[in-house]
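This report covers the chains of one complex, their contact and selected residues. The sequence and coordinates come first.

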Amino acid sequence: MANGWWGDWRPSLPAHTGDLQPTDLIECTSMSGGVPTNTAITGQQIIDAASGGGSNNPKLLGFSGILGTNTTGTTITICHSLLIPANTLGTNNILQLIFRMYRVSGAVGQLYGRIYFNTTNSLTGATLFNTNFTMNNGHQTGYVERNFSYNGTNLTSYSNAAFSDYTTGNIVNVAFNRSVDNYVIFTMQCQNIADVANINLFKVFAYV
Amino acid sequence: MSLTLIYSKSLLMFSINGIEYTITGPIEVVSDTQIHVETDKGIILVDDTMEIYKELING
């Protein structure tokens, strides 16, 4: 033991390669009363500590803070979308969707935001979450949030056109097959062709 | 844009990518090229790229 340091052999070890794995073991020596005690810290313990003390929730599936695709005419347009890979959700999970509708130009008519789900990144054959979020012609932005409970078959949330679901009301179900890839699709539509709409923020969280 | 509701009198079922849908409610025209169809599997967007579109919109 040179210079009173009991770990002088360690610098001869090669550097760890690759990402930290839950099964990795990090040797640790603690001193108590001058007596060294060797223990091991697992990679999982470090991951848990770094992610807030044992919980990985909510898990951020994706986000954007910039404008997506502008609407064209009065067509329902995909502004942003996000892949939810197969088996991301389990049978007792929560999916949280947030997006902000944005008036790019024009002030003539209403703008409509919607949420669809599809197994491809396309509106063709997509399933609508049956709520329209409406911005009137004097409004430039609208922040929308929906929390979906998931039981392995249906995503369930509040059906009213209110922008948030921090209230009471009716529910609506959307069938969701978790065993395949799914896209959550955020769309905008203009009532009047003179307007242009988009989405300049979205966040998707999963509690799994 | 005013939304138009169409009730399909002759077509009760249709298929997209091998999945069969039974029409359970009105068809809503949401743009010049897109409609919402209320089915047993939820409200489905059908657009004019799909063969079934013309049949649905013509009722």
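What percentage of the 59 residues of chain B count as buried? The share is 22%, where buried stands for 20 or more other C-beta atoms within 10 Å of a residue's own, exposed for 12 or fewer and partly exposed for values in between, with C-beta atoms placed from the backbone.

## Model and conventions

The model is predicted: local features need pLDDT of at least 70, side-chain atom pairs count only at pLDDT 80 or more, and totals for chains, interfaces and linings use all residues. Residues are numbered from 1 along each chain as its sequence is written, while chains are lettered from A and ligands numbered from 1 in the order in which they are written.

For the complex, the predictor gives an ipTM of 0.84 and a pTM of 0.78. The average pLDDT (the predictor's confidence in each residue, from 0 to 100) of chain B is 83, and 80% of its residues score at least 70.

## Chain B

Chain B has 1 helix and 5 strands, taken as DSSP runs numbered from the N terminus (helices H or I, at least four residues; strands E, at least two). Their order from the N terminus is β-β-β-β-β-α. Contact between two residues means C-beta atoms, placed from the backbone, within 7 Å. Of the contacts in chain B between residues at least 6 apart in sequence, 24% join residues at least 24 apart.

Val37(B) is located in strand β4 of chain B. This residue counts as buried because it has 26 C-beta neighbours inside 10 Å. Apart from neighbours within four places in sequence, the contacts of Val37(B) are Ile23(B), Ile27(B), Ile43(B), Ile44(B), Val46(B) and Leu56(B). Its C-alpha atom is 11 Å from that of Leu12(B), 25 residues apart along the chain.

## Interface between the chains

The contact involves 16 residues of chain B and 15 residues of chain A. On the side of chain B that touches chain A, β4 (34–39) and β5 (42–47) each supply at least two residues. The largest share, 5 residues, comes from β5(B). By type, this side of chain B has 7 nonpolar, 7 polar and 2 charged residues; Ala, Val, Leu, Ile, Met, Phe, Trp, Tyr, Cys and Pro count as nonpolar, Asp, Glu, Lys and Arg as charged, and the others, Gly among them, as polar.

Strand β7 (residues 127–135) of chain A runs antiparallel to β5(B), and 2 bridges join them; strands pair if DSSP finds at least two bridges between them. Leu128(A) has Ile43(B) as its bridge partner in β5(B).

Chain A is assigned domain 1 (18–56) and domain 2 (59–207), with bounds from an automatic or database domain assignment. The C-alpha centres of these two domains lie 41 Å apart. Thr23(A) is in the segment before β1 (25–32) of chain A. Thr23(A) is exposed, because 8 other C-beta atoms lie within 10 Å.

Strand β4 (residues 77–84) of chain A has 6 of its 8 residues buried, so it is largely enclosed by the rest of the structure. 7 bridges join β4(A) to the antiparallel strand β11 (residues 182–190) of chain A, with Ile78(A) opposite Thr187(A). Outside four places in sequence, Ile185(A) is in contact with residues including Ile78(A), Ser81(A) and Tyr116(A).
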